[in-house]
Amino acid sequence: MRPGGPRDPYAGPESGPEPPFPIKLQGPVIKGFGRGSKELGIPTANIPPEGLNAYPDLSTGIYFGYTALLNPESLPFNPPSNTNTDSQSTSTSNTSLSNSSSTTFSAPSNPTKTSTTHPSAHNPHPSTTSIYPCVLSIGYNPFYANKTRSIEIHVLHKFHSDFYDTPLNLLMLGFIRPEFDYVSKESLIEDILTDCDVARRSLQRDAWRIDGKTEAEKEWEAWLRDFKWADGLSRQDVKQVEEKVLGGAGDGTGVEG
Ligand SMILES: Cc1cc2nc3c(=O)[nH]c(=O)nc-3n(C[C@H](O)[C@H](O)[C@H](O)COP(=O)(O)O)c2cc1C
Ligand SMILES: Nc1ncnc2c1ncn2[C@@H]1O[C@H](COP(=O)(O)OP(=O)(O)O)[C@@H](O)[C@H]1O
């Protein structure tokens, strides 16, 4: 149950992200249980949780940061999506990157390559890779009592279509709160909307924006725009990961792609 009382309007120190942040995760957007849009009105793009293995001490909870999507129009199997760039201008002067590490999504072994292989995922159009602020949940969604851990990213941008299978880079910069169970769906929604406000507000501070003013933030941006890991990733690879993640997870209501 969530403790009562007002929420802190900001997360993380004014001086910028502190270790263990930034934490970097990557993966294609996979299906979840379909509740985010339908039940909560807050869609969350899930990525495979295996990247978390590199962070055994990371608490479950609600985090915030930036996410980049490889231009969905470059994917042959995805419908065109809104590609407006919503980059935030930021300075990250006090950020140390020395403790950061990156965990790369690895496609299932022996994937069958098909004509759906990303033809040009090696960041061929950097200007069309969009960066957005985001808020995310890492954990078991106690309100829904999931059985396996998931990474669920709500991108703070309005899209006009889904972007399943799209390669996504996630730069986590800070922790907002632990996961809670709730007395009602409405109170869960209310808290998530507050998380969105906290994330937006927190990322607008000088040391949290990305506007290329410091070496640290240039590195953040370069990493966010680097999709070399998605070279050769096929839709079939993504389906295999989805089956693995959804197969034994949650309450059995997982949706099939
Ligand atoms: C910012 C944010 C905060 C969240 N906080 C909680 C939480 O405290 N407790 C919880 O059970 N689920 C929490 N969730 C997870 C939602 O319940 C989850 O996104 C929803 O079940 C959709 O899941 P799906 O993608 O599998 O459909 C949070 C999600 C987001 C994006
Ligand atoms: N602002 C957004 N943030 C995250 N995902 C979004 C957003 N807008 C559209 N989507 C799409 O919605 C999907 C998530 O919807 P959701 O109902 O949570 O289903 P699922 O349980 O399959 O994740 C994402 O995978 C993505 O394709």
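The structure is a predicted model, in which local features need pLDDT of at least 70 and side-chain atom pairs count only at pLDDT 80 or more, while totals for chains, interfaces and linings use all residues. Residues are numbered from 1 along each chain as its sequence is written, and chains are lettered from A and ligands numbered from 1 in the order in which they are written.

**Ligand 1**
- Around ligand 1 there are 23 residues, of which G32, R35, G36, S137 and F143 come nearest (a residue is near if its C-beta atom, placed from the backbone, lies within 6 Å).
- At least two residues of this shell come from each of α1, β5 (130-139), β6 and α2 (185-203); helices (H or I, at least four residues) and strands (E, at least two) are DSSP runs, numbered from the N terminus.

**Ligand 2**
- The 20 residues around ligand 2 include G32, G36, S37, P43 and D162, which come nearest.
- α1 (35-40), β2 (45-47) and β6 (150-155) each provide at least two residues of the shell, and α1 gives the largest share, 4 residues.

**Helix α3**
- A216, E217, W220, E221 and L224 are buried in α3 (residues 215-224), where buried means 20 or more other C-beta atoms within 10 Å of the residue's own, and exposed 12 or fewer, with C-beta atoms placed from the backbone.
- These residues lie on the same side of α3 because they cover an arc of only 135 degrees around the axis, the arc being that of the directions from the helix axis to the C-beta atoms.
- The exposed residues E215 and A222 are on the face of α3 turned away from its buried side.
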